[in-house]
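Colleague: Could you walk me through how the labels on a structure are decided? I am new to this.

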Amino acid sequence: MIRSYFKIVCLSATLFVLAFTSCKDEPKKPKQAEVTFKKEGTLQLIKTANDSVVSTLDIEIADNEFETQTGLMYRESMKANRGMLFIFPNEQPRSFYMKNTRFALDIIYLDTNKTIVSFQQNAQPFNEGSLPSNAAAKYVLEVNAGLVETWNLEVGDKMTFSKTN
């Protein structure tokens with residue numbers, strides 16, 4: 001009889017512990033919806049030394065507060081022939097970071113004349129450190145890491161872009 005009582009107490013205690021600890025699950029995080037690319041324009045990067053087109057990209061355009069704050073966050077990757085162009089209402093020193101960005105980027109800063117003023121190469125995923133423009137910029141282009149070097153871009157090179165209808 002004492003053994004049966006002891007088994008019941010042990011079983012009850014075990015069930016209590018299991019029930020109590022199962023209530024302390026990690027807080028559920030809302031599932032982030034997959035963000036997909038939406039072509040909103042075409043962009044060309046131009047070497048000023050010989051006036052040649054270095055690359056033509058399909059771009060998404062971020063030109064309002066929500067889009068500029070979100071950028072490429074929560075995406076798993078981006079195809080090589082794509083980028084995101086941020087268009088700001090004025091030219092001033094800018095600073096970006098990689099919060100919630102899951103893949104490495106090159107960040108290209110351009111002035112009002114669409115001339116490259118500086119860039120940050122190989123910005124690391126999830127790094128919340130400041131990545132400043134080092135000069136006044138009106139436009140910022142994000143592309144996959146390594147492309148600034150591949151294209152041999154330099155300060156003074158230019159871009160042109162057009163929006164799709």
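Predicted model: local features only at pLDDT ≥ 70, side-chain atom pairs only at ≥ 80, totals over all residues.

Colleague: How many aromatic pairs does a search of the whole structure find?

Modeller: Four. Rings of Phe, Tyr and Trp (its six-membered ring) pair if their centres lie within 6.5 Å; planes under 30 degrees apart are stacked, over 60 edge-to-face, and the rest tilted.

Colleague: What makes the pair of F88 and F96 edge-to-face?

Modeller: Their ring centres are 6.3 Å apart and their planes stand at 85°, so the pair is edge-to-face.

Colleague: And why is the pair of Y139 and F161 called edge-to-face?

Modeller: Here the centres are 5.8 Å apart and the planes at 65°, so the edge-to-face label applies.

Colleague: Why does Y139 count as buried, and why does F161 count as partly exposed?

Modeller: Buried means under 20% relative accessible area, exposed over 50%, and partly exposed in between (1.4 Å probe, protein chains only). Y139 has 7% relative accessibility, so Y139 counts as buried. F161 has 22%, so F161 counts as partly exposed.

Colleague: How do you know that R94 lies over the face of F88?

Modeller: A charge sits over a ring if NZ of Lys or CZ of Arg is within 6 Å of the ring centre and within 35 degrees of the ring normal. R94 lies over the face of F88, at 3.9 Å from the ring centre.

Terms used
Residues numbered from 1 in each chain as written. Heavy atoms only, no water.
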